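This report describes side-chain contacts and local backbone features of one structure. The sequence and the coordinates are shown first, and the discussion follows.

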Amino acid sequence: MSEKPMFEQSMDRLDQIVSLLERNEIALEQAIGLFEEGLNLVQDLDTQLQGYENKVQELMLRHQPKESQDENL
C-alpha cells in the first residue's frame, strides 16, 4: 500500500505542475499528463482539507462548555 504524500508536499508538486504548464515549453503529451496529475492532486487535496475541517469542528465541539454543546444539538 502506498503512503499518501503530506499536504504540503502535494501543494508543492501542484505548484510545480502549474509553473511547468504556464511556461508552455513542454510537449503536448507531457502537458496532458501533468494536467491529469494536477487534477488528481487537487482532488486529493480537497479530500484532505475536508478531513481537516471536520477534525477542527470536532475539536471545537469537544472543547465547548456543556451549555453550548446542548444548544448545538
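E58 and K55 are 3 residues apart in helix α2, which means that about one helical turn separates them. The model under discussion is predicted. E58 forms a salt bridge with K55, and their closest N and O atoms lie 3.9 Å apart.

R62 and E58 are both in helix α2, 4 residues apart, or about one turn of the helix. Through shared partners, the salt bridges join K55, E58 and R62 into one network.

E58 has a relative accessible area of 40% and is partly exposed. K55 counts as partly exposed at 42%, and R62 is partly exposed with a relative accessible area of 49%.

**Salt bridges across the structure**

The count of salt bridges comes to 3. In general terms, side chains of opposite charge can pair when their charged atoms come close.

| Salt bridge | N to O distance |
|---|---|
| E37 and R13 | 2.8 Å |
| E58 and K55 | 3.9 Å |

The salt bridge between the side chains of E37 and R13 has an N to O distance of 2.8 Å. This pair links distant parts of the chain, with E37 in helix α2 and R13 in helix α1, 24 residues apart. E37 counts as partly exposed at 29% relative accessibility, and R13 counts as partly exposed at 26%.

**The aromatic pair**

How many aromatic pairs does a search of the whole structure find? The search finds 1 aromatic pair. F7 and Y52 form this pair, with 5.9 Å from centre to centre and 70 degrees between the planes. The arrangement is edge-to-face, because planes over 60 degrees apart are placed in that class.

Y52, by contrast, is partly exposed, with a relative accessible area of 44%.

F7 can also be placed relative to D46. The C-alpha atoms of D46 and F7 are 10.0 Å apart in space, while the residues are 39 apart in sequence. D46 lies in helix α2 and is partly exposed, with a relative accessible area of 40%.

**The loop residue N24**

N24 is found in the loop between α1 and α2. Its phi is near 55 degrees, a positive value in a residue other than glycine. Is N24 buried or exposed? N24 has a relative accessible area of 66% and is exposed, because the exposed class covers values over 50%.

Note on methods. Residues numbered from 1 in each chain as written. Predicted model: local features only at pLDDT ≥ 70, side-chain atom pairs only at ≥ 80, totals over all residues. Heavy atoms only, no water. Phe/Tyr/Trp six-rings, centres within 6.5 Å; stacked < 30°, edge-to-face > 60°. Buried < 20%, exposed > 50% of the residue type's maximum accessible area, 1.4 Å probe, protein only. Helix = DSSP H or I, 4+ residues; strand = E, 2+ residues; numbered from the N terminus. Salt bridge = Lys/Arg side-chain N within 4 Å of Asp/Glu carboxyl O.
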